[in-house]
Structures are given as C-alpha cells and as structure tokens.
Amino acid sequence: MIRHLAGKVGGALVSLLFVVALGFLLFRVIPGDPVVAMTRGRPVTGDQLAELRARLGVDKPLTEQFADYLAAAVRGDFGTSYVYSRPVLELIGERLWPTVLLTGTSTVLAVVIGLWLGIRGAWRRGSRSDRISTGLALAQWAMPTFWLGMLLSLATGDLFPSGGMRYPDTPSDFVSQAVDVAHHMVLPCLTMIAVVYAQYLLVMRSSLLEEMHADYLTTARAKGLRDDLVRRRHAVPNALLPTVTLVFLHLGLVVSGAITVETVFSWPGLGLLTYEALTGPDLPLLQGTFVVLAGAVIAMNVVADLLYRVLDPRVRAS
Amino acid sequence: MTAIAWQRRRAAARATWREFASQRGGLVGLIGLAVITVLAVLAPLVTDASGLDVTRVTARPWEPPSASHWLGTDHNGRSVLLLTWWGTRISLVVGLAATVLSVLIGTVVGIAAAHFGGWVSAVLMRFTDFFLVLPSLVLAIALSTVLPRGLGTIVLAIGVTSWPATARLVRAQTLAVEARPFIERARALGGGHGHVIGRHVLPAVLPLVFVNTTLTVASAIVAESTLSFLGLGDPTRVSWGSLLHAANMHGAVSQRAWWFLVPPGLGVVCVVLAFTLCGRALETVLNPRLKGER
C-alpha cells in the first residue's frame, strides 16, 4: 500500500513537472518574443522594448531562462501580471475560493442528481422515464455551457443577479453576506449542474446495465430479496466503482465549465481570471492559471486512484 | 486483392448499413447531418454574402423578428438568419478538420504503442496519459492565445488536445488484433512492420476509429464554439461561437435579444446531437455486446 502510494504520488509529481515545463514551452518558446505579443497594437519605442526584455529576463538564452523559470516555479513565483502589476500567485490565491465554492457545490449536486437518475434509468431500462431522462441528458450534453448560461439568464429576467458574487451595499454580517452570495450563485450553479450531470447519468446508467445480467443478482433475487434491496445492496455498489473513477476523470470538464460559466456570469474565480488573462493577453497570468488548473486536475486524479483502492477490495488484494 | 474479398466486403458493408438503418436515432441523425451539410454548401449560392458586411447594412440594430428579417438583426443591423446560416460553414469545417487531425494523431500513437511495445510503448502511453489528464480546454486556450489568430490555430488547438482518448482506444484494439494467430502467420511468412500494420491491423481497427470519429466531431464543434465564444476565433469569419461572443460582448441578454442568442446555440446543439446519434448507432452496430441494451 505504501509502495503504491509512493508510486502514485511520484507519478503525479512527474506530471506536475511536465505541466510546469509545458507552461514554459507554451508561453516562452512558442510566442517567440513575448514582448512583441504584449505590446501588440500599442506604440512603443526600441528603448522601451529593450527595457521590458531585460525586466522579464527574455534577453538571456533559452536554457538559462528555463533554469530561472524552474527555480522560481519551485518557490511558487510565477512572475508579475502585466495587467494587474501584482504577483500572479497572489491573484490566483484571491480567486481560488469563489471557484472552489462554485465548482464544489455544483459537482456534488450534479453527482447526486446524475447518479440517482442513472440508477433509476438503468433499473427500468426502456421505460418512458428512462427514455426521457436519457434523451434529455444527451441533449444537455450537446449544449455549449455558456449558451445555456446566457439562456437561463435571459429566461429568468430580473429574478437573479446577472453577474458578480455579491452586491456592494449588502450588510457585512455573515448571514446577509451568505444569502447574497447564494443568491448570486443560483444561475452559475444551475448552468454547471445542467451540463455536468448528464455525463454522470450516462456513465452510471451504462455501468449498472453491465451488472444487470450478473449471476449474483439472480442469486440475490432467488434468496427472495425485495427488488429495491437487490438494487441498493447488490447492484449499485458494484456499478458505482467504475463511476467513481469516471467522476474524477471528468474533472477536466468541470474546469472548462468553470471557465465559460464564470465568464458569462462574471463570477470572480479562476475561470474569469483565465478569461481576463487571455483577453490581455496577460501571458504570466495565463501561465499561472494554466499550471494551477492543470495541477489541480492531476492532484484530484491521484485522490481518485487512492479512493478507488479503498472502495474496491479486489484492487487492494492484487 | 481478389474479387472474392471485395465481394465479401461489399456484403459486410450492406449488412452494416441494414443494421444501422434499423435504428431510428441513427437514421434521424444521418438525415439531420445531410440537411445541414447541404445548407452549408448552398449558402454562397442561395444567399447574398454582402449581407455579412457591416458597412453595407440597411436594417436597424437589435430589430426583433419580422417578415423582412425572419430572425431579427444583430447589434450592427445584420440579419441573424444569414449570420447563423454562414456560421454553419466555419463550425463544420473547423469541427471536421480538427477531428481529422485528432484522429490521425490518436491512431498513429495508438498503433505505434501497441505494435512496437517495449520502451516505445512505455514512453507513448506515459505521454498519452499525461495529455488525457490535462484539462483540454485550458491547454487549447493557452495554444490559441500564443499563436496568431486564425482558423489554422483553432484547428491545431482542438486537434492536439483531443487525441488521447482515441489513442487509448486504438491501442487496446490493436493489442487485441495482434494477439491473434493470423498475425503470427503473417510474421512467420516474412511480413514486416509495414505489411502487418497496413494489411492486417489497420483494416481491423478502422471501423472502431470511424465510430470514434463521429463522436469526436461532436466534441470538436463544441470546443470550437467555446474557443470562439472566449474571443479566440478567427476575427474575420462568422462562426456560431463568434456570434455568441458578439452577443455576450454587446449585451444581448440585457437587450432581451433572444433572437440573437437562440439560433447559433441551437445550431451547435443540432449538429452535435446529429453526430452523437450517428455515433451511438454505429457503436451499437459494430459492438455486439451493446445489442438490445440501448
């Protein structure tokens, strides 16, 4: 177990190093001269360009730049944002919690709704409710997240705030602040749930369908167990296992959802920060959000793998 | 190749088609795709492209649907119906081109990893797993920000971020095929890598790749609309994503201009749904385990 854990964490650390290196390749090597990209469309003199180059350290050879970059990244220093003129990591730290709040709430709700509907659909396969919920899930899966968000915002009118996280004039006590944030969170949360739950529904449904003909279910029925007990105690726990892995594997989907939903609703999280960085383009900031978002998904995958071992005795034994 | 082999292939194709046609969902998807493709091809012949030019508009901005403009006008006074119609072309072309790139990379990596084994396989699979975990939209955003704006960039950004799933699938299928005795026979008779891959592995893997392609197109079209929505598309061309970007930037929601928001998004949904339905039907035909399950 310890060896396995060490192997997984080691693998994740290598992946993380890859991400950091990819960040260098993407934002320092491919753009050619980042200074030209930064000042695109603005009048600048040759002296200003040289000064900027020296300040960013891009006048040194690439290998030396990479060494400097790696050393800084290990210290948690991702440079300074062009637009905000503040350290990138500080900006990311400020925007982290709104994103965790939004994605956490909507993922939990989406998992609960998706699994419940998926189980129901598979158990009564081919029934009208199964056909409707599967069809709806497919349709929702086909929808671009941001479009659904805009439609919801259009349809609800003035019922919910159209953007931001809180009104500036809300009293500062905890309860009114919490109510205000919750009020602002309704639409972004609904949008994210609507797009993500479909994935969980389809996965859970097909995973339970795979189990439907298993012999142990016939045995359970032959013992005289009631139908819902067969489902709850025997079929669902086994079907849940592959679903757990897939829930975590689809976290990349949650991250992309967060970027577009936060852009539509001006939710002040990492997704909106990414959008602000790409419109700049604010390359150090985009590099920072790239490394943090990719790193978060890698870390969650390690968690998924460990969770899987805890949940499935067969994997533990081998 | 002998005539008998071709006869057998034609018979197999006919049987596949019969089974595909017996599924209502797949047929609906196929008809939908045909209609959309014909509309996209006909756009320059049936409509007047000068209506896309902001400097030559005659209507007022934000006009609701009426007899002269069936779907109203946008913030510049251009007809939304015309814009959505032309947007089909870019969305389809980008979606298909990105899919070709993605499936090509995925197939080459998958077959190479399974066929050569050893350290080649170890390195390629480590690489694939790394890209599989990486959130693809984040990588695609990074790529299209640092490269010059244009259709090529979008195709590249989507193509190089969406291949890992294909690679894994192709690798699994190649391993299954290469374990069979006829491959050993081909090798014993002196068949080289090129012969084994070209004559035996590829024909066995291609049906699966084809199914996977139809499903990849769907996600590539969503990816295109997402990148264009974020303002990373080709600024000189109209696509469904760029229309929604314009709608968001110019406050279509606060203008209550539903006629500008609904059509481009509905376009994405229809195309994606059509490709998904076709893909699922094909999957059922080619994967006997799924028969009667869906």
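**Note on a predicted two-chain model**

1. Start at A:Tyr167. This residue sits in the loop between helix 7 (145–156) and helix 8 of chain A. Helices here are DSSP runs of H or I with at least four residues, strands are E runs of at least two, and both are numbered from the N terminus. A:Tyr167 is partly exposed, with a relative accessible area of 39%. The scale is: buried under 20% relative accessible area, exposed over 50%, partly exposed in between, with a 1.4 Å probe and protein chains only. Leaving aside neighbours within four places in sequence, A:Tyr167 contacts A:Pro161, A:Asp180 and A:His184. Contact means heavy atoms within 4.5 Å. From A:Tyr167 to A:Leu246, 79 residues along the chain, the C-alpha separation is 37 Å.

2. Ground rules. The model is predicted: local features need pLDDT of at least 70, side-chain atom pairs count only at pLDDT 80 or more, and totals for chains, interfaces and linings use all residues. Residues are numbered from 1 along each chain as its sequence is written, chains are lettered from A and ligands numbered from 1 in the order in which they are written, and side-chain values use heavy atoms, with hydrogens and water left out.

3. Confidence in chain A. The mean pLDDT is 84, and 96% of the residues reach 70 or more. pLDDT is the predictor's confidence in each residue, from 0 to 100. Where pLDDT is low, the predicted coordinates should not be read in detail.

4. A:Arg86 lies between helix 4 (62–74) and helix 5 (88–123). With a relative accessible area of 26%, A:Arg86 is partly exposed. Neighbours within four places aside, its contacts are A:Gly79, A:Thr80, A:Ser81, A:Leu91 and A:Glu94. A:Ser162 is 76 residues from A:Arg86 in sequence and 28 Å away in space, C-alpha to C-alpha.

5. An unreviewed UniProt entry lists "transmembrane region" at residues 12–30, 96–117, 138–161, 181–203, 239–265 and 285–308. UniProt positions follow the numbering used here, feature names are shortened, and annotations may be inferred rather than shown by experiment.

6. Helix 11 of chain A. Residues 251–265 form this 15-residue helix, which reaches 21 Å from first C-alpha to last, close to the 21 Å expected at 1.5 Å a residue. The expected span is 1.5 Å times one less than the number of residues. Of its 15 residues, 14 are buried, so helix 11 of chain A is largely enclosed by the rest of the structure. A:Ser266 follows helix 11 of chain A and has a positive phi, near 45 degrees.

7. Chain B overall. The chain has 11 helices and 0 strands. Its C-alpha trace spans about 75 × 45 × 35 Å along the principal axes. Of the 294 residues of chain B, 48% count as buried. Among contacts in chain B between residues at least 6 apart in sequence, 70% join residues at least 24 apart. The accessible surface of chain B is about 14000 Å², with 66% belonging to carbon and sulfur atoms. Areas come from the Shrake-Rupley method with a 1.4 Å probe; for residues, only the protein chains shown count as cover.

8. UniProt's unreviewed entry places "transmembrane region" at residues 27–46, 90–116, 123–144, 150–170, 201–223 and 257–282. Residues 150–170 of chain B are 76% helix and 0% strand, with 31 Å between the end C-alpha atoms. Residues 201–223 of chain B are 100% helix and 0% strand, with end C-alpha atoms 31 Å apart.

9. B:Asn212. This residue is found in helix 9 (residues 193–229) of chain B. Buried or exposed? B:Asn212 is buried, at 13% relative accessible area. Beyond residues up to four places away, B:Asn212 touches B:Thr166 and B:Leu169.

10. Cores. The largest nonpolar core has 152 residues; A:Phe290, B:Ile141, B:Leu227 and B:Phe260 have the most contacts inside it. Helix 8 (residues 174–211) of chain A gives this core its largest share, 17 residues. A second, separate core of 10 residues includes B:Ile111, B:Val170, B:Ile197 and B:Val209. A nonpolar core is a set of buried Ala, Val, Leu, Ile, Met, Phe, Trp, Tyr and Cys residues joined through side-chain atoms within 4.5 Å.
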